[in-house]
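Thanks for coming, everyone. Please bring up the sequence and the structure, and I will talk through how the pieces are arranged.

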Number of protein chains: 2
Amino acid sequence: MNIEIIVPGKLSSHLQNVFDFYLKKLKRFANLSVTFTKLGGDVNRESKQVILRREKDEILNKVKNRRFILIDLHGKQMDSISFSKFVENEMLSGELLFVIGGPLGIDDELRKKASLKISLSKMTFTHEFTLVILLEQLFRAFKIINNEKYHY
Amino acid sequence: MNIEIIVPGKLSSHLQNVFDFYLKKLKRFANLSVTFTKLGGDVNRESKQVILRREKDEILNKVKNRRFILIDLHGKQMDSISFSKFVENEMLSGELLFVIGGPLGIDDELRKKASLKISLSKMTFTHEFTLVILLEQLFRAFKIINNEKYHY
């Protein structure tokens, strides 16, 4: 199964270890790649709207015409079991594409184009922290699908 | 303000950097300490119930008679703004004590003794990942309370 995650920006150093850890763990279950796109600009010099639009263009440029799942604070909440069932179903199509918004949030057009919006929590996290949470839940999903223990 | 977080086990190395990062960031806002308690045993050799009970005893031994907030999957969901308001209110008492369950979950007695149960997500995370999410949300809460930007 191919899983791709598209997210603007780059990873801060304090998240590198946990990012690498889950990427390595997930290799056993999926062909996973993370694509970082360009940030839209400097919020001190340009409007939020302009920045979000540019980030949206960068993201859609990578999405092309594929269907994608948007990680969105206001999306559908799932528990880990439901999320694993969702991933299991998607495995049939062989491809799963996630998009995470940038530091300032999500452009409306991106929200409209998403085939599904999933919320990881009612709480707001930085976009890069969201990336790590998504990796953890994907790993957990595959452990559940494969009926393996995951306590530690 | 004093904030203490009690959690069974110890931190895995892949989470050390992000843990250190938020602990350092939070120093500016609070006197925060994390107390790791002993794990209750080996799930391959003993029942889950026995292990949870031992972990509960270790935790309550540290809690003493203080009121505490339990981080619980089935607790009350808050968004980051509500959580920051909650933290702000608690600042009046000068002390905030959180308890996170162990790898196998939470003993019922602990659930009963908690003055409040907060859920960070409908999704299940490892107890140590939960610790890092809580630190991130505490940092965000203080940024909100102090009216500071937090995009990065």
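In chain B, helix α5 lies across strands β1 (2-8), β2, β3 and β4, and runs at about 165° to β1(B). Before I go further, a word on conventions: this is a predicted model, in which local features need pLDDT of at least 70, side-chain atom pairs count only at pLDDT 80 or more, and totals for chains, interfaces and linings use all residues. Residues are numbered from 1 along each chain as its sequence is written, chains are lettered from A and ligands numbered from 1 in the order in which they are written, and side-chain values use heavy atoms, with hydrogens and water left out.

Helices (H or I, at least four residues) and strands (E, at least two) are DSSP runs, numbered from the N terminus; contact means heavy atoms within 4.5 Å; axes are lines fitted to C-alpha atoms, for helices over the stretch in contact, and angles run from 0 to 180 degrees between N-to-C directions.

Now to the sheet under that helix. In chain B it is an open sheet of five strands in the order β2-β1-β4-β3-β5, with parallel pairing, where two strands pair if DSSP finds at least two bridges between them. At its edges are β2 (31-37) and β5 (116-119) of chain B, each of which pairs on one side only. Neighbouring strands here are turned against each other by 40° on average, with direction ignored. Helix α3 (residues 80-91) of chain B also packs on this sheet, where it touches β3, β4 and β5 of chain B, and its direction makes about 130° with that of β4(B). Inside the sheet, β3 (residues 69-77) and β4 (residues 95-100) of chain B pair in the parallel sense over three bridges, and B:Leu70 stands opposite B:Val99 in β4(B).

Let me turn to how the helices pack on one another. Two packed helices are described by the angle between their axes and the distance between the axes. How are α1 and α5 of chain B placed? Helix α1 (residues 16-26) and helix α5 (residues 127-145) of chain B pack at an angle of about 25°, with their axes 10 Å apart. That makes α1(B) roughly parallel to α5(B), given that angles under 35 degrees count as roughly parallel, over 145 as roughly antiparallel, 65 to 115 as roughly perpendicular and the rest as oblique. On the α1(B) side, the residues that meet α5(B) include B:Phe19, B:Tyr22 and B:Leu26, and their counterparts in α5(B) include B:Leu135, B:Phe139 and B:Phe142. By class, the residues of this contact of α1(B) with α5(B) divide into 11 nonpolar, no polar and two charged; Ala, Val, Leu, Ile, Met, Phe, Trp, Tyr, Cys and Pro count as nonpolar, Asp, Glu, Lys and Arg as charged, and the others, Gly among them, as polar.

The axes of α3(B) and α5(B), by comparison, come within 8 Å and cross at roughly 75°, which makes α3(B) roughly perpendicular to α5(B). Among the residues of α3(B) that meet α5(B) are B:Phe83, B:Val87 and B:Met91, and those in α5(B) include B:Leu138, B:Phe142 and B:Ile145. The contact of α3(B) with α5(B) has 10 nonpolar, three polar and two charged residues.

What relates the two chains? A rotation of 180° with 0.0 Å of shift along its axis superposes chain B on chain A, with an RMSD of 0.0 Å, and that is the relation of a two-fold axis; the copies are superposed by least squares on the C-alpha atoms of residues with pLDDT of at least 70 in both. Of the residues of chain B, B:Ser121 comes closest to the rotation axis, at 2.3 Å by its C-alpha. The same surface serves both copies, with 100% of the contact residues of chain B recurring in chain A.

Finally, some details from chain A. Its open sheet of five strands has the order β2-β1-β4-β3-β5, with parallel pairing. Strand β1 (residues 2-8) of chain A pairs with β2(A) in the parallel sense over seven bridges, and A:Ile3 stands opposite A:Leu32 in β2(A). Five bridges join β3(A) and β5(A), again in the parallel sense, and the bridge partner of A:Leu70 in β5(A) is A:Lys117.
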